Amino acid sequence: MRINKLVLCYSCAILSVSQSQILTKFSSCLNEEGQCEKRKIAIIGGGIGGTSCAYWLRKSAGDSIEIDLYNYGKIGGRIAVVEVNGKFYEAGASILHPDNLYMKNWAEEFGYKKRDSPDDRMGIYNGVEFVFEESSWSFVNYAKIFWRYGLDPFRLNSHIKDMLSKFSKIYQLQDSGKAFETMPELITAMSDEFSKQLNLTFRPFLKEEKGFHERFIDELAAAVINCNYGQACEEVNAFVGSVGLAGAVPNLWAVNGGNFQIPQMLAEKSNSNIISAKVNHITINPDGKYTVQATDSNNNLFNSTNHYDAVVLALPLISNDLSLTIDGVDLAPHSGTYQKLIATFVRGKPRAKTFGKEDDHLPDSILVSETRLLIKSLGKNFDVNWTKSSPEHDNVYKIFSTQSIEEAQLKELFEEIKEKHEVHWFAYPKYKFDGVSKSTSFKIADGIYHVNAIEWAASAMEMSAIGGRNVALLLLKDFDVQ
Ligand SMILES: Cc1cc2nc3c(=O)[nH]c(=O)nc-3n(C[C@H](O)[C@H](O)[C@H](O)COP(=O)(O)OP(=O)(O)OC[C@H]3O[C@@H](n4cnc5c(N)ncnc54)[C@H](O)[C@@H]3O)c2cc1C
């Protein structure tokens, strides 16, 4: 009997010697009858952060835990596709860096292929003219880049290489079981330099610390940050700025068939009970456990019958759209303003003249360096199953803007519009320092964790995957399961 109990209850084996011992909530799974009950965890949010957390929890704790994964909408959250003329296009997170190890390893483990990428030409538009345009010939490109920006692009490569080499330390730290209570602690553990970058705005960092020239910052860096984070180099911190610039180097990739497949497979592998519902309120019960109140897809209110030992919030706490409350817990210090972003998909033909071009030869990807313009970027899009071997495709363009594009404005941008779709996002934090100190703790209260604290360093799929693993490690440390 005792042997059975120890096998069933490996995480509290040491404590199970005396059943009369006073046991803390997390250090034991024994119930009043001395039986080992599985610990129950509610994860709220089924994006890459929540599914990563579920996956790592299951991997480390095996059958000793039960996971309920609450999510509204499709699994994947901000990793999602939109249908245009019968084909699917990435509407949210679209590109990954080759050094994003978790995403890369999962894609390999789950047998997903990398998507073919078309050879497209990029141009930087400043609101008046194209200040830089790539050529279809790589040797011409080198000459053009060198002519316009001198050695700065090479400086950029070495800065990104150095950053990624420091960043890779997080994988060793997490493999060895290290968990962090706050986002700055996690970032600083990779490098002290990163901690400095969190507190510096991007422009002075690039100029004064790294020696980049004004022209490179005003054009290339500004266009990349405007397109990737909808903000200016004066607004974002140097860490998120560098993460954004890492998205401008070659060899970026995406999952053939859609990036959303990774969170979907993580959810499946985690063997969680997936509950399609929106959580509105979390109650802390007298026994110290948590219950969850939610509305299902038919808007019916229901209370969970499960009493959870811990709750993981794997969703952005958006102060401009906060609908979740927790008994006795003020979520305001943990929430912040998120950037509204609209992805407009148009099947048609852009109007070259609007961009100051007399010929029809527009770059395939237009990055806008002037943040005050309505659009942040306009680029030709290829569906998630496009291959180089069957290269035919529809002329579908994706525009990022912070406001809806009105009909008249769209007609100015396109000479032909066959079809239009809008996807609205609260896309990523507004990084501008507003003088209010913000909590970036992965632990909001006893037993309540928050994956998206990591987004205040930088928002990206890999960042949320890392945040998810950190919360899994933190929670298991509290449960005394290592
Ligand atoms: C347009 C756009 C482009 C981007 N491009 C890139 C890119 O190219 N590369 C990159 O790496 N990153 C990119 N990102 C950022 C990336 O998408 C995010 O950083 C990442 O996907 C966040 O994942 P998450 O799981 O933390 O949050 P989310 O994906 O937001 O997941 C949260 C989930 O929780 C659910 N939810 C919220 N509230 C509740 C509730 N009360 N009850 C139940 N469920 C709830 C939501 O429906 C959602 O499914 C982009 C983002 C956007 C919007």
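Trainee: Is E234 buried, partly exposed or exposed?
Mentor: E234 counts as partly exposed, at 41% relative accessibility. Buried means under 20% relative accessible area, exposed over 50%, and partly exposed in between, with a 1.4 Å probe and protein chains only.

Trainee: What should I know about the model and the numbering?
Mentor: This is a predicted model, where local features need pLDDT of at least 70, side-chain atom pairs count only at pLDDT 80 or more, and totals for chains, interfaces and linings use all residues. Residues are numbered from 1 along each chain as its sequence is written, and side-chain values use heavy atoms, with hydrogens and water left out.

Trainee: Which residue forms a salt bridge with E234?
Mentor: R203 does, with the closest N and O atoms 2.2 Å apart. A salt bridge here is a side-chain nitrogen of Lys or Arg within 4 Å of a carboxyl oxygen of Asp or Glu.

Trainee: Where do R203 and E234 lie?
Mentor: R203 lies in helix α9 (residues 202–209) and E234 in the loop between α10 and α11 (238–246), so the pair ties together parts that are 31 residues apart in sequence. Helices (H or I, at least four residues) and strands (E, at least two) are DSSP runs, numbered from the N terminus.

Trainee: Which residues are linked with R203 and E234 in a network of salt bridges?
Mentor: K207, E214 and D218 are linked with R203 and E234 in that network.

Trainee: How many salt bridges does the structure hold?
Mentor: It holds 23. One of them is between K357 and E133, whose closest N and O atoms are 2.7 Å apart. That pair links distant parts of the chain, 224 residues apart: K357 is in the loop between β12 (338–350) and β13 (365–368), and E133 is in strand β6 (residues 130–133).

Trainee: Are K357 and E133 buried or exposed?
Mentor: Both K357 and E133 are buried.

Trainee: And R148, what does that pair with?
Mentor: R148 forms a salt bridge with E219, again with a closest N to O separation of 2.7 Å. R148 lies in helix α4 (residues 138–149) and E219 in helix α10 (residues 214–229), so the pair ties together parts 71 residues apart in sequence. R148 is partly exposed at 25% relative accessible area, whereas E219 is buried at 10%.

Trainee: Changing topic: where is L198 found?
Mentor: L198 is in helix α8 (residues 192–198). L198 is buried, with a relative accessible area of 16%.

Trainee: What is L198 in contact with?
Mentor: Leaving aside neighbours within four places in sequence, L198 is in contact with M183, P184, I187, N237, F239 and A457. Contact means heavy atoms within 4.5 Å.
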